[in-house]
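Please read this report alongside the sequence and the coordinates.

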Amino acid sequence: MIRSESRFEAFSDQPLRLVGDQGEWLGAFELDLDDETLVRLYRDLVLARLLDERLVRIQRQGKSSFVAPAAGHEAIQVAMARAVRAGHDWLFPYYRDYGVASTIGVPLVEIFGQMMGTRADPAKARQMPSHPSSRPLKLFTAVSPIAAHLPPAVGAGIAMKLAGGGEVCVTSFGDGATSEGDWHAALNFAGTQGAPVVFVCENNRYAISVELHKQSGSETIAEKAHAYGMPGYRVDGMDVLACYYLMRELVDRARAGVGPSLVDAAVYRYGPHSSADDDSMYRPPEEVAAWRRRDPLPRYRAFLERRGLWDVKAEEDLRSELNVKLSAAAAAAEAAGPTPEAWMFDDVYAEMPWHLLRQRAEAEA
Amino acid sequence: MALRNIVQTVASTLDAEMARNERVVLLGEDVGKRGGVFLATKGLFERYGPDRVIDTPLSEAAIIGAALGMSVHGLRPVAEIQFADYVFPGFDQLASQVAKTRYRSGGQFTAPLVVRMPAGGGVKGGHHHSQNPETHFVHTAGLQVVYPSTPSDTAGMLRTAIRGDDPVVFLEPKRLYRAVKEEVPDDPDFMVPFGRAALRRNGDDVVLISYGASMAETARAAEALNDQGIGATVIDLRSLMPWDAETVLEAVARVGRCVLVSEAPWTAGFMSEVAAHVTEEIFDELLAPPVRVSGADTPYPYAQDRSYLPGPRRILTAVQKVLEY
């Protein structure tokens, strides 16, 4: 069993909350983040929300074939990205995590390029939309099969430990992922190796349409960590300060060699599972409305306003600044144009074998 | 040169590569103190310690998935799957993750790793210790698939696999693990390239093509044919993805007749690909249609362990057929 002293309680009855519904500080300790950090978290949230709105829009415009909306997940996604050292630590995200990508600093033109499948995508438009990646930022290429990125995240974590460079791996997934064999295989292996991995469940209570209680007989996702010899934490995943404080502590502990941990972040996705889903078939509108009242953005904005760090003018300025950037990035990504047909045959292997050379030649003939 | 059998060669080659490059690590079930259930990693735990010879939980998905993460981070992992039959819990990791990492990331991330697995029948293991799953891997773009049949090829190809930049499924013919010893080159850089077949024997009447453990039966069949005055060219494919179509086409075009031997199931087996390719490319040179001799389209049987295999008798019957066509 991996243990250490922690400011926050593992396996708590209630999720950790630090900011109340009216923006009040709820922490049992003194807030010790500087103003710049506090404001930056809000900027990250707004960028993630505006980005998501744009991505949904370009899908509806027919410029993108698919989107997995992330609105409602921003607070935990921003916290994951801000808790790590960008370009030093590794992120193994899942497909809904472009809030992680935008916060860690993946250029917006690359995110739009990936969504529209243009040459602006560093992955050469090889994957369907909503699968970001970035080598310089060590954001591993997201996959569709659920939980399949977790054993690789653990392997990377073991390699980090061997390398001794103080790197940490943060990996995220939805609540449905916790039913997959790969999820259990990964946490089990991480526990035996004390790998520096923080597992983050963006628990929005639905795997497409299947509710959490049909997904697991456990009361919480967090308690599953106990079986794998690591602490499990419950957090209000729509409270950016709670998420940030918790993630920072778990990342620091992993970096210090304490071992892995699991975060069960309670979030809600406001949109459907994807552009191919109709969530009105399985979610009552009152439920969606109730969760919208807990939206991470207005709640955290109220927190900043109470402290004199934000006002209407700052909000207007930020939104117009980000909208200009987003418009420019989307336009640049679209202008980059489609990838050449011949790229289909590249990157299967380091060197193209004879049968692919032949197939490429036949395709070009 | 040192006299070694195949399983000793696996261990000695891993040893040499680990000594040469500290980024080479091993992981799998029982690869540590036990040295692997077939002793393919014997002595390496003592020599390199638990950080580089990692006894994993009993989970093939964890083994292959973790190997991928290690390789993405810069290590050169060599994973052992205890029997090829047990790769299936890790198949999604191979098919969905490992094989597609380079492609789906546009070359940003790569997966230079090796997954070793003893394969094949004839060991009284029933259907969960005897299968030949190579076709699953060949059909998964992004994987290289090799299946050596001799100690020297095992050394040369394992080295190529470890030093290469792409994932390799390294099938080992466990029926032959201790069947023969031969002089294996000591050269620490001895490599056998992938995609090149080996010509084991020259003859003008028929071409026998095989790979892996079935090379033993194929060689015996060729010997029997020789006693009857029938000359067989014998080709060991060694590497299935990529495979050496050039050597095959050249030999078959010269002789005009071929028999394709594999102990994997008959339908859509790798030899079906070879037969299709030969027919498509050099139809006019053929004096008889290519004939396959293979395992059956049944689960691998326990009681009929030997008769399932394409033994010399069945190979000779097929040769008779192509000669009389």
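The sections below describe a predicted model.

## Basis of the description

Residues are numbered from 1 along each chain as its sequence is written, and chains are lettered from A and ligands numbered from 1 in the order in which they are written. Because this is a predicted model, local features need pLDDT of at least 70 and side-chain atom pairs count only at pLDDT 80 or more, while totals for chains, interfaces and linings use all residues.

## Contact between chains A and B

Chain A places 36 residues in contact with 35 residues of chain B, contact meaning that the C-beta atoms, placed from the backbone, lie within 7 Å. On the side of chain A that touches chain B, helix 5 (150-163), helix 6 (181-193) and helix 13 (354-364) of chain A each supply at least two residues. Helix 5 of chain A gives the largest share, ten residues. Helices (H or I, at least four residues) and strands (E, at least two) are DSSP runs, numbered from the N terminus.

By class, this side of chain A has 23 nonpolar, eight polar and five charged residues. Here Ala, Val, Leu, Ile, Met, Phe, Trp, Tyr, Cys and Pro count as nonpolar, Asp, Glu, Lys and Arg as charged, and the others, Gly among them, as polar.

## The two domains of chain B

Chain B is divided into domain 1 (2-184) and domain 2 (198-324), with bounds that come from an automatic or database domain assignment. Taken over C-alpha atoms, the centres of these two domains of chain B are separated by 26 Å.

Between them, 26 residues of domain 1 of chain B are in contact with 23 residues of domain 2 of chain B. On the domain 1 side, the elements that give two or more residues are helix 6 (134-138), strand 6 (144-146), helix 7 (151-163) and strand 7 (168-173) of chain B. That side has eleven nonpolar, eleven polar and four charged residues.

## The largest nonpolar core

The largest nonpolar core has 199 residues. Such a core is a set of buried Ala, Val, Leu, Ile, Met, Phe, Trp, Tyr and Cys residues joined through C-beta atoms within 7 Å. A residue is buried if 20 or more other C-beta atoms lie within 10 Å of its own, exposed if 12 or fewer, and partly exposed in between. The residues with the most contacts inside this core are Val198(A), Cys243(A), Val263(A), Val115(B), Leu208(B) and Val259(B). Helix 9 (residues 240-255) of chain A gives the most to this core, with eleven residues. Domain 1 and domain 2 of chain B both give residues to this core, so the core lies between them.

Leaving aside neighbours within four places in sequence, Val259(B) is in contact with Val206(B), Leu208(B), Val291(B), Val293(B), Ile315(B), Ala318(B), Val319(B) and Val322(B).

## Strand 13 of chain B

Strand 13 (residues 258-265) of chain B is largely enclosed by the rest of the structure, because eight of its eight residues are buried. Strand 10 (residues 206-210) of chain B runs parallel to strand 13 of chain B and is joined to it by three bridges; two strands pair if DSSP finds at least two bridges between them. Leu208(B) stands opposite Val259(B) in strand 13 of chain B.

Strand 13 of chain B also pairs in the parallel sense with strand 14 (residues 291-295) of chain B, over five bridges. Leu260(B) has Arg292(B) in strand 14 of chain B as its bridge partner. From strand 13 of chain B the chain crosses through helix 10 (residues 270-282) of chain B to strand 14 of chain B, in a right-handed β-α-β crossover. Right-handed means that, with the strands pointing away from the viewer, the path from the first strand over the helix to the second runs clockwise.

## Strand 7 of chain B

In strand 7 of chain B, Val168(B), Phe170(B) and Glu172(B) on one side and Val169(B), Leu171(B) and Pro173(B) on the other are all buried. Strand 5 (residues 114-119) of chain B and strand 7 of chain B pair in the parallel sense over six bridges, and Ala119(B) has Pro173(B) as its bridge partner.

Strand 6 of chain B runs parallel to strand 7 of chain B and is joined to it by three bridges. Val146(B) stands opposite Phe170(B) in strand 7 of chain B. The β-α-β crossover from strand 6 of chain B through helix 7 of chain B to strand 7 of chain B is right-handed.

Terms used
Contact = placed C-beta atoms within 7 Å.
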